[in-house]
Amino acid sequence: MDRYAVIGHPIAHSKSPQIHAAFARQTGQDMSYEAILAPLDGFAATVQAFRDGGGRGMNVTVPFKLEAFALADRLTARAQAAGAVNTLAFGDDGILGDNTDGAGLVRDLTANLGCTLTGRQVLLLGAGGAARGALLPLLAAGPAALTIANRTLAKAEALAAAFLPNAAATRLSACGFDELAGRRFDLVINATAASLADEAPPLPPGLYADGALAYDMMYGRGDTPFMAAARADGAAGVADGLGMLVEQAAESFTLWRGLRPDGATVLAELRRRLG
Ligand code: ATR
């Protein structure tokens with residue numbers, strides 16, 4: 001049986017084993033998927049041991065995505081752009097590093113939430129690893145404008161400058177939160193870590209255009225602070241990042257197994273279990 005795993009520290013909370021088990025059942029794939037806790041100073045050794053034991057691939061989560069990037073022998077374009085790796089595939093020719101987070105986000109937005117990105121005004125909040133990981137797939141979806149807003153303006157500006165060559169027809173720009181006053185967006189994506197501190201990013205009111213969607217990459221029980229603030233500010237739709245979690249897993253599964261599972265049914269099942 002082909003073995004896969006998610007590796008992180010901590011790892012007990014990970015939903016990836018149940019998501020991949022559901023994908024395997026759905027597609028009739030004979031595979032196992034486990035959760036592996038690596039010591040903070042033992043990422044590469046733990047990956048090596050899993051590979052030596054017949055492992056075919058791994059998902060990588062906090063805090064090892066940069067180490068996985070460094071460990072890979074080859075990188076996909078989206079992993080290169082993200083500067084981080086969340087998926088490893090072991091082959092005869094070495095370790096391939098991929099990053100499926102941004103593609104998972106775009107897939108959740110378009111396939112599960114019915115959100116059109118092409119030609120739209122998109123606001124991305126945050127300029128850390130989560131924002132960087134989403135940028136290449138977001139730009140590939142062809143929004144009219146993509147604005148990166150961050151608490152620390154210089155980080156947003158650096159990120160926009162780095163992705164300018166990938167912007168094609170999209171107007172890519174950077175600003176601070178205050179400069180958003182008076183502007184309206186069709187889609188606002190929260191890629192800041194503010195929810196971890198139980199906070200919403202400090203945004204000016206009136207951000208949401210008619211029919212706009214507010215999307216938080218984080219998820220939890222009920223609304224995150226960003227989602228609650230977006231509802232209060234008149235967003236027509238709000239969504240958390242559980243669908244992104246499922247769809248990034250679906251992208252990894254597709255890379256490993258060569259066939260795409262249906263994320264929507266697994267997402268519905270997961271939401272039912274979360275209550
Ligand atoms: P991640 O990998 O989750 O993106 P990160 O690289 O540490 O984590 O980036 C965290 C992001 O959340 C940054 O954009 C950070 O803003 P700064 O660059 O100004 O630090 C943002 N962030 C964290 N806490 C925030 C808060 N309370 N309000 C707004 N933005 C916040």
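Two residues are in contact here if their C-beta atoms, placed from the backbone, lie within 7 Å. This is a predicted model: local features need pLDDT of at least 70, side-chain atom pairs count only at pLDDT 80 or more, and totals for chains, interfaces and linings use all residues. Residues are numbered from 1 along each chain, as its sequence is written.

**View 1. Phe 69 and the residues around it.** Phe 69 sits in helix H3 (residues 65-71); helices (H or I, at least four residues) and strands (E, at least two) are DSSP runs, numbered from the N terminus. Set aside neighbours within four places in sequence, and Phe 69 is in contact with Ala 79, Gly 83, Ala 84, Val 85 and Gly 97. Its C-alpha atom is 8.4 Å from that of Asp 98, 29 residues apart along the chain. Phe 69 counts as partly exposed because it has 19 C-beta neighbours inside 10 Å (buried takes 20 or more other C-beta atoms within 10 Å of a residue's own, exposed 12 or fewer, partly exposed is in between, and C-beta atoms are placed from the backbone).

**View 2. Helix H1 against helix H9.** H1 (residues 16-27) and H9 (residues 242-257) pack at about 55°, axes 10 Å apart. Axes are lines fitted to C-alpha atoms, for helices over the stretch in contact, and angles run from 0 to 180 degrees between N-to-C directions. On the H1 side the contact uses Ser 16, Ile 19, His 20 and Phe 23; H9 brings Val 246, Ala 249, Ala 250 and Phe 253. Sorted by type, the residues of this contact give 6 nonpolar, 2 polar and no charged (Ala, Val, Leu, Ile, Met, Phe, Trp, Tyr, Cys and Pro count as nonpolar, Asp, Glu, Lys and Arg as charged, and the others, Gly among them, as polar).

View 3. The chain splits into domain 1 (2-99 + 243-274) and domain 2 (102-240), with bounds from an automatic or database domain assignment. Their C-alpha centres lie 25 Å apart. Each domain puts 15 residues into the contact. On the domain 1 side, the elements giving two or more residues are helix H4 (77-82), H9 and helix H10 (263-274). H9 has the largest share of that side, 5 residues. The domain 1 side divides into 6 nonpolar, 5 polar and 4 charged residues.

**View 4. Helix H6 and its surroundings.** H6 (residues 129-140) is mostly covered, with 10 of its 12 residues buried. Among them are Arg 132, Leu 135 and Pro 137. The buried residues pack against H4, helix H5 (101-112), strand S7 (121-125), strand S8 (145-149) and helix H7 (153-163). After H6 comes Gly 142, with a positive phi near 75°.
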